[in-house]
Amino acid sequence: MHSLPQIWNALPGFVQSLAFILAVTIVLILSVAYLTLLERKIIGWMQLRRGPNRVRLFGIPNTEYIGQPFADVVKLLLKEIVIPARANGVLFRIAPALALIPAFATWAVIPVAPGFAIANVDAGLLYVLSLTSVGVYGVILAGWASNSKYAFLGAMRSAAQIVAYEIAMGFALVGVLMAAGSLNLGVIVEHQRGMVAAWNWFWLFPLFVVYFISGVAETNRAPFDVAEGESEIVAGFHVEYSGMAFALFFLAEYANMILIAALTAIFFFGGWLSPFDGYIAAGSALRELPVLGLLIGDGTHWLLVKMLFFLIVFLWLRATFPRYRYDQIMRLGWKVLIPVTIVWIAVEGVLCWFRIGPWRA
């Protein structure tokens with residue numbers, strides 16, 4: 001065990017990066033699988049029903065429902081993938097990958113711990129914006145390549161919604177850039193160091209609300225799930241997909257939920273910064289305690305706690321709000337959220353000019 005650090009440091013840089021990429025990918029895949037279970041259990045609890053309660057984990061006693069995600073995967077893998085006769089076969093197969101891959105690739109620049117990211121690039125914010133915008137191409141290709149009017153109309157409807165909220169999301173991140181003065185996600189987190197009120201949510205609260213609402217809309221989650229409304233006759237742009245190809249779109253949806261939760265925590269709630277920072281002095285005896293010192297200090301565990309909170313809010317919204325009409329969704333995106341971000345960016349400019357809040361130094 002003592003020789004492991006030396007062995008690790010002796011490995012070439014690309015091997016270390018590959019190991020980190022594999023670790024993050026495996027954790028993400030398992031998180032996506034169990035997020036589907038968490039959603040069904042939490043919504044079941046909210047609606048006074050049990051949710052999944054049958055599938056054990058490999059037959060182990062007292063693990064009821066833990067194996068449900070594995071059962072779902074096996075079921076979907078065994079189902080036939082049917083490609084419509086006149087569909088564009090190449091684009092039909094590429095579309096699910098275009099929806100899923102950007103949600104995973106964005107994690108390359110996410111700072112998951114103090115001073116650590118797979119790629120610590122200075123243009124991380126631009127990288128995030130560019131990749132989160134690629135998902136819309138998967139939606140459009142899925143609808144167009146299916147050679148189905150139902151799928152194509154669903155794709156156009158979903159794409160228009162995504163583009164509208166992408167603009168509001170981009171303007172909200174302009175406010176974060178103005179506050180931090182950097183495109184590097186690690187620097188954005190470090191800029192929020194201090195008490196909880198020093199985090200960006202306090203000074204950029206309207207932008208935080210806009211960003212999170214836009215994130216819910218971008219992931220096609222309720223109450224913005226007009227693309228795959230369960231109560232409709234067809235399920236939008238992926239109506240012609242079946243089996244694992246159909247499942248990839250939902251994997252992309254849940255992977256994007258996890259990504260939006262992580263980015264919300266990083267941009268507005270200090271990422272891996274501890275909420276006790278500023279309240280407990282650096283030399284305090286509490287920080288010297290073996291377990292408590294780790295818990296109250298900065299670390300990945302705080303990022304995970306904040307992500308879990310926002311994921312539960314995602315699920316809470318689905319169990320609470322009815323689906324909006326499409327005209328209401330578009331009106332909210334174009335006539336409410338975008339003007340709010342523009343106004344608050346102007347307010348930020350005034351605060352910056354007079355050295356108030358994050359700009360006082």
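## Thr 341 in helix H13

A polar atom of the Thr 341 side chain lies 2.6 Å from the backbone oxygen of Ile 338. This is a predicted model, and the distances and areas in this report are computed from it. Thr 341 belongs to helix H13, which covers residues 326-353.

The relative accessibility of Thr 341 is 0%, so the residue counts as buried. Setting aside residues up to four places away in sequence, Thr 341 touches Ala 168, Phe 171, Ala 172, Leu 207 and Val 210.

## Largest cavity

The structure contains 1 cavity of 30 Å³ or more. The space in the largest cavity comes to about 340 Å³. Its lining is made up of 23 residues, and those nearest the centre are Ala 99, Gly 135, Glu 218, Thr 219 and Asn 256. Two or more lining residues come from each of helix H4 (89-105), helix H5 (124-145) and helix H10 (243-268).

Helix H10 makes the greatest contribution to the lining of the largest cavity, with 7 residues. Sorted by class, this lining has 13 nonpolar, 7 polar and 3 charged residues.

## Nonpolar core

The largest nonpolar core is a set of 82 residues. Within this core, the residues with the most contacts are Trp 107, Leu 185, Tyr 211, Phe 267 and Phe 268. H10 gives the most to this core, supplying 16 residues.

The surroundings of Leu 185 can be listed in detail. Apart from neighbours within four places in sequence, Leu 185 is in contact with Val 109, Ile 110, Pro 111, Gly 124, Leu 125, Val 128, Leu 263, Ile 266 and Phe 267. One of these contacts, Phe 267, is also among the core residues with the most contacts.

## Val 55 in the H2-H3 loop

Val 55 is located in the loop that runs between helix H2 (13-46) and helix H3 (68-78). Its relative accessible area is 24%, so Val 55 is partly exposed; the range for this class lies between 20% and 50%.

Val 55 and Tyr 65 are 10 residues apart along the chain, and their C-alpha atoms are separated by 4.6 Å. Tyr 65 is also one of the residues that Val 55 touches when those up to four places away in sequence are not counted.

Note on methods: Residues numbered from 1 in each chain as written. Predicted model: local features only at pLDDT ≥ 70, side-chain atom pairs only at ≥ 80, totals over all residues. Heavy atoms only, no water. 1 Å grid on protein atoms, 1.4 Å probe; cavity = no way out; pocket = protein on both sides within 12 Å on 5 of 7 lines; lining within 4 Å. Points joined across faces, edges and corners; volume = space filled by probe spheres on them. Helix = DSSP H or I, 4+ residues; strand = E, 2+ residues; numbered from the N terminus. Nonpolar A, V, L, I, M, F, W, Y, C, P; charged D, E, K, R; others polar. Buried < 20%, exposed > 50% of the residue type's maximum accessible area, 1.4 Å probe, protein only. Polar contact = N/O pair within 3.5 Å; in protein donor to acceptor, adjacent residues only side chain to side chain. Contact = heavy atoms within 4.5 Å. Core = buried A, V, L, I, M, F, W, Y, C linked by side-chain atoms within 4.5 Å.
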